[in-house]
Amino acid sequence: MLRDITLGQYYQTESVIHRLDPRVKLGGTLLYIISLFFFKNIWGYVAAAIFLAIVIKLSHVPFRFMVKGMKAILFLLLITVVFNLFLTPGTALVSFWKITITLEGLKMAVTMAIRLTMLIIGSSIMTLTTTPNNLTDGMEKMMKPLKLFHVPVHEVAMMMSIALRFIPILLEETDKIMKAQIARGADFESGNVVKRAKALVPLLVPLFISAFRRANDLAMAMEARCYRGGEGRTKMKPLVYRKQDGIGYVCVAVYLVAGIAIGRL
């Protein structure tokens, strides 16, 4: 299960999407996620699915690699569907005991499941096709106007980038600790929810210690390299828009206009 989490990982290959400026991918992902909440009919989601399929094809990232990342959020997806299915008032379709499934609840459950699935896959494409360094530079550039309000833009972008980079590292560390404890007789699978939660305690303690140790090593390495924040820093590879980035913005704009127009008819 831990190896199925793809968030924060970078899939190295050669594609049009990989070569795009990170600002295009960040802005496009944000607009894509926002568009999912404007649709009022199934055709809007069909347009979003087609656009997502085209991007996945152009990215050259295997679709199976993206789908396996959904396993990590199946529990969250199931809870969302169940809550919307049983707690949404409206026209009753099925009723048994104190539980009622309504037409509105069924529509809401299906809609939320589609939204979450597309949201996770769409976000995964951004992280899978963008290196952490480029992601940091892109976020810093896009948040630059916030400097007018004295927001430490560089530091915020750096923290977000480090957090994303640490996700696969901590997952690998968790996997190693679990295997070591299973070899010593630990059981993480059997028993009820309470028993499984108690079994995780011996796992969390060494994981937190390892995380704090890595954070301390990273802080010392940054201090040794005289890191003092973003003030006065320069870039070895500054971000520059190219022709393909302009085409990328146009494609996102066309999808946004067409998708929302179709989805709200």
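In the predicted model, Thr29 touches Gly122, Ser123 and Met126, residues up to four places away in sequence not being counted. Thr29 is found in helix α2, and because its relative accessibility is 14%, under the 20% limit, Thr29 counts as buried. Ser123, one of these partners, is found in helix α6. With a relative accessibility of 17%, Ser123 also counts as buried. Leaving aside neighbours within four places in sequence, the contacts of Ser123 are with Thr29 and Ile33.

The contacts of Thr29 and Ser123 belong to the packing of α2 on α6. Helix α2 covers residues 22-35 and helix α6 residues 103-128. The two helices pack at an angle of about 175°, and their axes are 10 Å apart. Since angles over 145 degrees count as roughly antiparallel, α2 is roughly antiparallel to α6. On the α2 side the contact is made by Lys25, Leu26, Thr29, Tyr32 and Ile33, and on the α6 side by Met118, Leu119, Gly122, Ser123 and Met126. Sorted by class, the residues of this contact are six nonpolar, three polar and one charged.

Residues of both helices are also touched by Leu52, whose place is in helix α3, residues 42-59. Apart from residues up to four places away in sequence, Leu52 touches Tyr32, Met118, Ile121, Gly122 and Ile125. Among these, Tyr32, Met118 and Gly122 take part in the contact of α2 with α6. Leu52 is buried, with a relative accessible area of 9%. Between Leu52 and Ala215 the separation is 163 residues in sequence and 36 Å in space, C-alpha to C-alpha.

Trp43 lies in helix α3. At 58% relative accessibility, Trp43 counts as exposed, whereas Leu52 is buried. The C-alpha atoms of Trp43 and Ile262 are 6.4 Å apart in space, although 219 residues separate the two in sequence.

The largest pocket has a volume of about 950 Å³. Its lining consists of 36 residues, of which Asn133, Asn134, Thr136, Asp137 and Lys235 are the closest to the pocket centre. Two or more lining residues are given by each of α1 (16-19), α2, α7 (132-142), α8 (153-183) and α10 (201-224). Helix α8 provides the largest share of the lining, namely six residues. By class, the lining holds 14 nonpolar, 10 polar and 12 charged residues.

Most residues other than glycine have a negative phi. His150 has a positive phi, near 60°, and its place is in the loop between α7 and α8. His150 is exposed, with a relative accessible area of 74%. Cys226 likewise has a positive phi near 60°. The place of Cys226 is in the loop between α10 and α11, the latter comprising residues 243-263. A relative accessible area of 56%, over the 50% limit, means that Cys226 is exposed.

For the protein chain as a whole, 11 helices and two strands are found. From the N terminus on, the elements run α-α-α-α-α-β-β-α-α-α-α-α-α. Along its principal axes, the C-alpha trace spans about 65 × 55 × 40 Å. The chain has 265 residues, and 35% of them count as buried, including Thr29, Ser123 and Leu52. Of the contacts between residues at least 6 apart in sequence, 73% join residues at least 24 apart.

Conventions:
Residues are numbered from 1 along each chain as its sequence is written. This is a predicted model: local features need pLDDT of at least 70, side-chain atom pairs count only at pLDDT 80 or more; totals for chains, interfaces and linings use all residues. Side-chain values use heavy atoms; hydrogens and water are left out. Axes are lines fitted to C-alpha atoms, for helices over the stretch in contact, and angles run from 0 to 180 degrees between N-to-C directions. Helices (H or I, at least four residues) and strands (E, at least two) are DSSP runs, numbered from the N terminus. Angles under 35 degrees count as roughly parallel, over 145 as roughly antiparallel, 65 to 115 as roughly perpendicular and the rest as oblique. Contact means heavy atoms within 4.5 Å. Ala, Val, Leu, Ile, Met, Phe, Trp, Tyr, Cys and Pro count as nonpolar, Asp, Glu, Lys and Arg as charged, and the others, Gly among them, as polar. On a 1 Å grid over the protein atoms alone, a cavity is a set of points where a 1.4 Å probe fits but cannot get out, and a pocket is an open set with protein on both sides within 12 Å along at least five of seven lines; lining residues have an atom within 4 Å of a point. Grid points are joined across faces, edges and corners, and a volume is the space filled by probe spheres set on the points. Buried means under 20% relative accessible area, exposed over 50%, partly exposed in between (1.4 Å probe, protein chains only).
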